[in-house]
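Come along while I look things up, one entry at a time.

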Amino acid sequence: MAECNGRLSSVALTAMTAPATRDFTSIPLIDVGPLYGKDEAAARTVAAEIKRASIEIGFFYVTGHNVSRGRMQGILEAARKFFTFPDEKRLAIKVNAAHRGYVPYAESTLDRAYAVDLKHSFNFAWPFKPEDPEILAGKPLCGFNQWPEGEDDWRREVEAYYADTFELGQRVLEGFAIALDLPRSYFRERYKRPLVRTRLLYYPTQAPDPEGKQFGCAPHTDWGAITLLWQDDVGGLQVRNRAGQWIDAPCIEGAFVVNIGDMLARWSNELFVSTPHRVINTSGRERYSVPTFYDPDFDTVVECLPNCSGPGNPPKHPPCIAGEYIAAKYDNAYTYRRQAKA
């Protein structure tokens, strides 16, 4: 596949071989293939690797998954194509109250200390049905996808990617369940009609900013459970270690980047770390990436998981409702949502 070849091979080798340290300088790569099989011992070995990376770093790459190289290439091509559509075609499906559709530039500010992010996006999520109880109750972020008119083949490609990545997320969460001595299906039972959202992202190139205020995506932690990211070979994603250094997280051919979000950190009683990261695209090339924010059903109660507390380590957070927690974050970060509430 052409997306990640050549100059990244040495970086990929470092990511695969460098041991994790407290002040990490690389991100480990984990083969999650055993999570798709029946060898429980091999699955436990993978789960232990996931646990270690999630405690020490909060990021890891995964290979050995079910998403084909063709599917991964196809979604990047779909992203590129979407952002060549005429403005009127994209604006006809401008983001709705369920945060599905096109989000133009200057709609997102993750932290008021920074300038608005230099990015555009297209968002789609779980295909709710009109009769689903979340729809009937009008719950935030539960709604219907919007698709560009006359692009049926494009839509099929995008929906197929969502379906394959959804299963990858389930397998990764099985790894977390095994690592915490929970039933392997623990998380799957909480993802029946979930808030799993995928985003096609376009980052134009940016000039260096000596004031450190302008980013493609400003420094932040993700809000939800985990994020699954597929990115092109342009680079720009950086992860902050505990020493405050920004470590590159480049594309590795065929590998997804997985990171822990605030919700899973909360769920695990801060056992797993939600690590700050950012995007700076000074490459001189346009950058495309496809994150999937992998969050559970709206009504899921997020409270300290079994085996994550004990004597001397009580629960650090009160229970919360997953959908309410995520919706509040969106309300604070997106201009169109703040305007709607004004």
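Is N307 buried or exposed? I found N307 exposed, because its relative accessible area is 53% (buried means under 20% relative accessible area, exposed over 50%, and partly exposed in between, with a 1.4 Å probe and protein chains only).

A note on the source before I go on. I am reading a predicted model, where local features need pLDDT of at least 70 and side-chain atom pairs count only at pLDDT 80 or more, while totals for chains, interfaces and linings use all residues. Residues are numbered from 1 along each chain as its sequence is written, and side-chain values use heavy atoms, with hydrogens and water left out.

**Entry: positive phi**

I noted that N307 is not a glycine, yet has a positive phi of about 75°. I located N307 in the loop between β13 (301-302) and β14 (320-321) (helices are DSSP runs of H or I with at least four residues, strands are runs of E with at least two, and both are numbered from the N terminus).

H99, also a residue other than glycine, has a positive phi near 60°. I placed H99 in the loop between α4 (87-91) and β3 (101-103). With a relative accessibility of 3%, H99 counts as buried.

I looked at helix α2 (residues 40-56) and helix α6 (residues 152-179), whose axes come within 8 Å and cross at roughly 90°. Here axes are lines fitted to C-alpha atoms, for helices over the stretch in contact, and angles run from 0 to 180 degrees between N-to-C directions. The two helices are therefore roughly perpendicular to each other (65 to 115 degrees; under 35 is roughly parallel, over 145 roughly antiparallel, the rest oblique).

Which residues of α2 meet α6? I listed A43, R44, A47, I50, K51 and S54, and on the α6 side V172, G175, F176, I178 and A179 (contact means heavy atoms within 4.5 Å).

**Entry: salt bridges**

How many salt bridges are there? I read a count of 22 (a side-chain nitrogen of Lys or Arg within 4 Å of a carboxyl oxygen of Asp or Glu).

R184 pairs with E40, with the closest N and O atoms 3.1 Å apart. This pair links distant parts of the chain, 144 residues apart: R184 is in the loop between α6 and β5 (197-203), and E40 is in helix α2. R184, at 22% relative accessibility, counts as partly exposed, and so does E40 at 43%.

R184 also forms a salt bridge with E174, where the closest N and O atoms are 2.7 Å apart. E174 is buried, at 7% relative accessible area. I then saw that E40, E167, R171, E174, R184 and R188 are linked in a network of salt bridges.

**Entry: an open sheet**

I followed four strands in an open sheet, in the order β6-β11-β8-β9 and with antiparallel pairing (two strands pair if DSSP finds at least two bridges between them). The edge strands, each pairing on one side only, are β6 (217-220) and β9 (246-248). Strands β8 (residues 237-240) and β11 (residues 277-279) pair over three bridges, and Q238 stands opposite R278 in β11.
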